[in-house]
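Reader: I would like to learn how to read a model of this kind, feature by feature, with the general idea stated before the particular case. Could we take contacts and cores, then domains, and then the backbone?

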Amino acid sequence: MINKLYKFKETSPDLKIRKLNNIYIIYFETLCDINNINDFILKPITLFSIKNSKDIFNKLPNGNLISVKDENELYELLFNGFTIIIVNKDIIAFETRIELNSSISEATNEKVIKGPKDAFTENYQINIGLIRKRIRSKNLVIKEKVIGTSSKTKISIIYMKDIVNNELLNKIEKNISKINLDYVANSNYIYESIDKSNNILPTNIMTERPDLTSFLLMEGRIALVVENSPEIVILPTFFYDFIKNIDDYYQNSKNVTITRIIRIISFVISIITPGLYIAITTFNQESLPTSVLINFSLQREGVPFPSIIEALIMLVSFEILREADTRIPYVIGTSMSIVGALVLGEAAVSAGLISPIMIIVIAISSVSSFIFNNNDFVNYIRIWKVLFLLFASFTGIYGIYICSILFLINLTSCKSYSFDYTYPASPFDLEAQKDNIYLNIKYIFNKRNKLITKNVKRR
Amino acid sequence: MKKIIIIIFILLLTGCYNYRELNNLDIISSIGIDYKKNMYEVSVQVLNGKQSKDSEDSQIIVYSAKGKTINDALRNIYSKTSKELYRGHVSNLILSDKVAKNSIVNVLDLFERYTDIRDEMNIMVVKNVDAKKVLTVLTTEKIVPSEYIKLAINNKHLKTGATSSTRLDEFSSNYLKKYIDPVITVISVDNYNKKAKNQSNITSSNPKTKIIINNIAITKKGKLVDYLNKKETIGYNFITNNIKNIMIPIKCDKNNYSSISIIKSNTKKNITKNNNTFLITLNINLKGNITEYNCNNINEKVIKKLENKTKIKVNNYINNALFKQEIVDSEFLGLKRMIYLINNNYNNENYKVIIKTKVNINRKGEIKTSLKDKNNESKNK
């Protein structure tokens with residue numbers, strides 16, 4: 001055994017093997033806390049003159065002592081930051097893990113005005129702890145699994161035992177057990193490998209907010225916590241989950257309805273405006289008031305490209321700007337946005353390449369799409385925006401009709417783990433309308449989403 | 001995959017047939033039609049897409065061309081412009097007196113056939129000059145002349161009741177109906193001279209050349225027969241229940257006048273048959289305010305008297321219109337059609353009209369008596 005470990009040391013120089021009399025102490029110095037090893041292993045062993053494994057179990061002060069049975073387990077524990085002690089062929093593992101994580105900080109991608117500001121981190125234990133802190137119930141079930149032949153990533157399926165839909169749970173568990181990966185980089189790996197649908201619509205929420213996670217767990221959904229990943233996957237998800245925001249429940253609920261209507265409007269605006277503008281100005285000019293038409297035609301004067309090319313140039317350059325802005329280090333970010341704004345806004349117009357109204361149209365459409373903080377959802381909007389634009393550029397308003405029909409077909413035929421994606425609008429559920437666009441907070445206090453729970457009443 | 005290919009082919013094969021960029025369009029705002037030496041002369045008023053806000057450029061450009069038919073003339077305009085003439089925004093169709101007397105319907109046939117013409121397009125006759133000249137007159141700054149004419153007709157109709165706007169669809173549907181003849185709006189140009197085309201016309205505070213909205217003209221068999229005066233026009237509007245908010249001046253004593261503003265007017269028509277003659281009863285309900293009163297003493301009795309005088313005046317307007325109908329023999333009031341709708345066997349028989357007018361004056365404005373009255377009171381004290 002020891003010889004094998006010495007051989008292994010040749011390829012991993014951070015493995016340390018220490019010999020005290022007949023006791024071997026083996027650990028990774030990169031994964032272990034040296035102070036812990038000094039205080040709780042080396043000191044007692046020399047002080048109490050420990051000779052056999054019985055003494056170790058009785059005298060060493062540690063909460064997490066494991067007696068190791070075979071070689072595979074030994075390596076697994078070693079990689080998890082345990083220290084291995086070998087005495088007379090008895091193998092004992094000690095937890096001496098060092099904290100390799102960033103501490104709990106504010107959520108960077110999902111901003112709220114009111115409400116808790118803490119966010120999930122890369123640490124698996126902390127993430128589960130943050131959920132446990134909010135739901136102190138015996139019914140909170142955490143099922144742990146290890147996935148990844150090389151990465152050995154821990155993932156856990158979290159749900160409320162008394163609320164969750166068993167059918168859904170079985171399905172997800174079955175799908176997870178089928179996963180065959182060698183490396184799990186992020187929770188998205190797990191989501192992509194259990195997602196069987198072929199749709200561009202996001203059927204999950206990947207959140208870094210523990211409050212949102214526990215809110216949705218209490219609605220009967222299932223959360224997947226993946227080690228080393230600060231995002232938690234929540235399944236299943238419906239269309240209206242992207243219209244709602246956890247912030248809505250933290251403020252005066254009587255005003256939330258208007259906020260949600262604005263979100264719906266901006267969803268429609270962001271999808272349809274570029275297409276509608278092209279349709280009206282190149283095909284259906286009669287649908288505008290004369291004065292507006294004159295205004296548009298004055299602005300178009302001297303622009304060398306057809307409107308559709310103009311729109312595509314603007315859309316693509318805006319997307320480039322957006323992508324660059326997310327990748328660029330924070331320090332250069334501001335100068336970048338100044339250049340972007342000047343180049344796209346001022347210079348393109350004054351050079352006569354782009355008409356000012358086109359910049360307004362693209363800007364309105366893009367700004368509206370950023371109301372939604374889910375990146376997958378924004379990308380989904382972007383695809384339909386371009387599709388509407390293309391259909392409109394071929395057949396005008398008629399193309400907008402066709403594309404709207406295709407859009408609705410796509411949206412309503414989508415299933416999120418065998419649940420209808422547009423619930424509760426279609427299939428229509430009158431009672432669930434109390435927390436859809438209109439919000440009645442009393443409904444949330446008393447009842448749950450009928451579709452995904454077996455236990456509708458909260459108390 | 002197959003579906004996507006089919007959709008792409010459908011789009012590529014059927015799309016773009018009416019694709020047109022805004023800056024390649026000549027947006028027509030008005031069309032004027034003259035008839036000279038057996039040829040139509042069609043003029044189009046096009047919105048100038050090149051003018052900038054600061055420059056002195058004209059907001060409009062007028063092109064005209066001649067042809068055997070109106071469409072022929074319209075096509076001949078293409079020898080003068082590089083852009084496509086876009087008819088989707090035509091708001092006025094101006095006919096010269098000669099064209100209207102020749103035949104209005106001959107002109108309208110083309111516009112009814114076009115699919116992209118707006119049905120709300122106003123048609124009108126210009127009384128004293130050529131239609132082409134009306135189009136060239138510049139109106140008050142920043143308002144396109146065609147827009148100006150449209151707004152002016154609406155306002156005159158609302159505030160005085162002495163004109164009525166005629167839409168293309170109304171005109172042609174009335175023309176096609178039995179026992180009713182359409183009417184047409186009349187405009188004219190004051191002081192036309194060559195300078196009216198220039199910016200100088202609108203830079204002065206009192207432009208010399210102006211477009212004036214007149215009353216209406218009546219037609220028979222699609223031809224203009226006669227012009228109505230102001231009284232007859234108001235009478236016409238009363239009978240067709242088209243009075244909005246007009247003012248009627250009433251004499252209150254020997255030399256002085258008062259004004260009654262009508263704020264609500266409703267005309268209901270009843271038809272009864274009595275001994276083989278049809279009786280049409282016009283029930284007119286009016287609500288009014290006193291907005292001006294320059295006689296002494298205002299009280300219940302005086303108000304009753306004013307109500308009575310208003311009633312007589314309104315009846316007078318209506319009688320004027322009825323009398324005109326008899327002289328001209330044109331069914332512009334549509335009374336015979338009322339009978340025909342009830343009785344299909346109706347065959348041009350005679351009918352009688354009874355006018356029942358009710359006037360209600362309920363407000364006297366901010367002061368309760370007249371200013372004259374107050375003056376006397378204070379002097380007596």
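Author: We begin with the idea of a contact: two residues are in contact if their C-beta atoms, placed from the backbone, lie within 7 Å. Please keep in mind throughout that this is a predicted model.

Reader: With that cut-off in hand, which residues is B:Val125 in contact with, leaving aside its neighbours within four places in sequence?

Author: Once those neighbours are set aside, the contacts of B:Val125 are B:Leu95, B:Asp97, B:Ala100, B:Ile184, B:Val186, B:Ala217 and B:Leu224.

Reader: How should I read a nonpolar core, and which residues touch the most other members of the largest one?

Author: The general idea is that in soluble globular proteins nonpolar side chains tend to be buried together. Here the largest nonpolar core has 85 residues, and those that touch the most other members are B:Ile33, B:Leu95, B:Val125, B:Ile184 and B:Ala217. Strand β1 of chain B, residues 25-36, gives the most to this core, contributing six residues. There is also a second, separate core of 36 residues, and among its members are A:Phe120, A:Ile190, A:Ile194 and A:Leu212.

Reader: Turning to domains, how is chain B divided, and how many residues of its domain 1 are in contact with domain 2?

Author: Chain B is divided into domain 1, spanning 22-227, and domain 2, spanning 232-380, and the centres of these two domains of chain B, taken over C-alpha atoms, are separated by 33 Å. Across the boundary, 21 residues of domain 1 of chain B are in contact with 17 residues of domain 2 of chain B. On the domain 1 side of that contact, α6 (145-159), β8 (210-220) and β9 (223-227) of chain B each supply at least two residues, and the largest share, five residues, comes from β8(B). By class, this side of domain 1 of chain B has eight nonpolar, seven polar and six charged residues.

Reader: What is the domain assignment of chain A?

Author: For chain A the assignment gives domain 1 (2-95), domain 2 (124-237) and domain 3 (254-419). The centres of domain 2 and domain 3 of chain A, again taken over C-alpha atoms, are 35 Å apart, and twelve residues of domain 2 of chain A are in contact with ten residues of domain 3 of chain A. The side of domain 2 of chain A that touches domain 3 has seven nonpolar, four polar and one charged residues.

Reader: How many residues does the contact take from chain B and from chain A?

Author: The contact takes 22 residues from chain B and 18 residues from chain A. On the side of chain B that touches chain A, the largest share, three residues, comes from β1(B), and the residues of that side divide into eight nonpolar, nine polar and five charged.

Reader: Is A:Tyr417 buried or exposed, and what of B:Lys37, buried or exposed?

Author: A:Tyr417, which is not a glycine, has a positive phi of about 50 degrees, and this residue is buried, because 23 other C-beta atoms lie within 10 Å. B:Lys37 has a positive phi near 50 degrees and lies in the loop between β1 and β2 (39-47) of chain B; B:Lys37 is exposed, because 6 other C-beta atoms lie within 10 Å.

Key. Residues numbered from 1 in each chain as written. Chains lettered and ligands numbered in written order. Predicted model: local features only at pLDDT ≥ 70, side-chain atom pairs only at ≥ 80, totals over all residues. Core = buried A, V, L, I, M, F, W, Y, C linked by C-beta atoms within 7 Å. Buried ≥ 20, exposed ≤ 12 C-beta atoms within 10 Å, placed from the backbone. Helix = DSSP H or I, 4+ residues; strand = E, 2+ residues; numbered from the N terminus. Domains from an automatic or database assignment. Nonpolar A, V, L, I, M, F, W, Y, C, P; charged D, E, K, R; others polar.
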